[in-house]
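The stops below go one selection at a time.

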Amino acid sequence: MTNAEQNIETPFNEEFCTRLEYRICHELKKSTDPVLKGFWCDGISWLPNEKQLTKKHVNNKRKIETKAWIGRTGQTEFKAIINFGQKALSKYAKGMDLTDCIHDLKFQAEWIEIDIENKKIKIELN
């Protein structure tokens with residue numbers, strides 16, 4: 001899939017970000033943290049700066065920083081830091097779909113960290 005605005009073919013694309021958004025919504029919905037009650041995610045930008053989408057950058061930094069819209073209205077802009085685990089790094093290097101690097105519904109450990117005060121969300125991919 002091509003990132004239309006930047007004309008870069010990348011597995012970090014609209015489809016992946018939409019699937020990640022839905023998984024985050026599911027996690028927020030089941031959260032027992034009273035501060036996060038009623039929070040949801042209304043999107044994750046798949047258009048970070050062009051340099052971040054290069055295979056070299058992802059391999060070296062092991063992350064992509066972009067924006068996410070989260071909160072009770074789903075409209076508060078957060079800095080989203082998407083950290084790549086070994087599986088995600090390998091798939092990104094090969095230009096393969098990252099969807100199965102998103103933790104599944106049965107995963108019990110924390111893979112999302114939300115800092116409301118500083119408006120940041122950290123996401124760990126497999």
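Does Arg72 count as buried or exposed? At 52% relative accessibility, Arg72 counts as exposed, where exposed means over 50% relative accessible area, buried under 20% and partly exposed in between (1.4 Å probe, protein chains only).

Before going on, note that this is a predicted model, in which local features need pLDDT of at least 70, side-chain atom pairs count only at pLDDT 80 or more, and totals for chains, interfaces and linings use all residues. Residues are numbered from 1 along each chain as its sequence is written, and side-chain values use heavy atoms, with hydrogens and water left out.

**Stop 1: Arg72**

Keep Arg72 selected. The residue sits in the loop between strand E4 (63–71) and strand E5 (76–83); helices (H or I, at least four residues) and strands (E, at least two) are DSSP runs, numbered from the N terminus.

Next, select Pro34, Val35, Lys37, Gly38, Phe39 and Trp40: Arg72 touches these, not counting residues up to four places away in sequence. Contact here means heavy atoms within 4.5 Å. Show the backbone oxygens of two of them. The side chain of Arg72 reaches that of Val35 at 3.0 Å and that of Lys37 at 3.1 Å.

**Stop 2: the largest pocket**

Select Glu27, Ser31, Leu36, Glu110 and Ile112. Of the 17 residues that line the largest pocket, these are the closest to its centre. A pocket is an open set of points on a 1 Å grid over the protein atoms alone, where a 1.4 Å probe fits, with protein on both sides within 12 Å along at least five of seven lines; lining residues have an atom within 4 Å of a point.

About 370 Å³ of space lies in this pocket, a volume being the space filled by probe spheres set on the points, which are joined across faces, edges and corners. Now colour helix H1 (14–30) and strand E6 (112–115), each of which supplies at least two residues of the lining. The largest share, four residues, comes from H1.

**Stop 3: two positive phi angles**

Select Arg62, in the loop between helix H2 (55–61) and E4. Its phi is near 60°, a positive value in a residue other than glycine. Arg62 counts as partly exposed, at 39% relative accessibility.

Finish at Lys119, in the loop between E6 and strand E7 (120–124). Lys119 is not a glycine, yet has a positive phi of about 50°. At 39% relative accessibility, Lys119 counts as partly exposed.

Notes:
A polar contact is a pair of N or O atoms within 3.5 Å; within protein, one must be able to donate a hydrogen and the other to accept it, and residues adjacent in sequence count only if both atoms are side-chain atoms.
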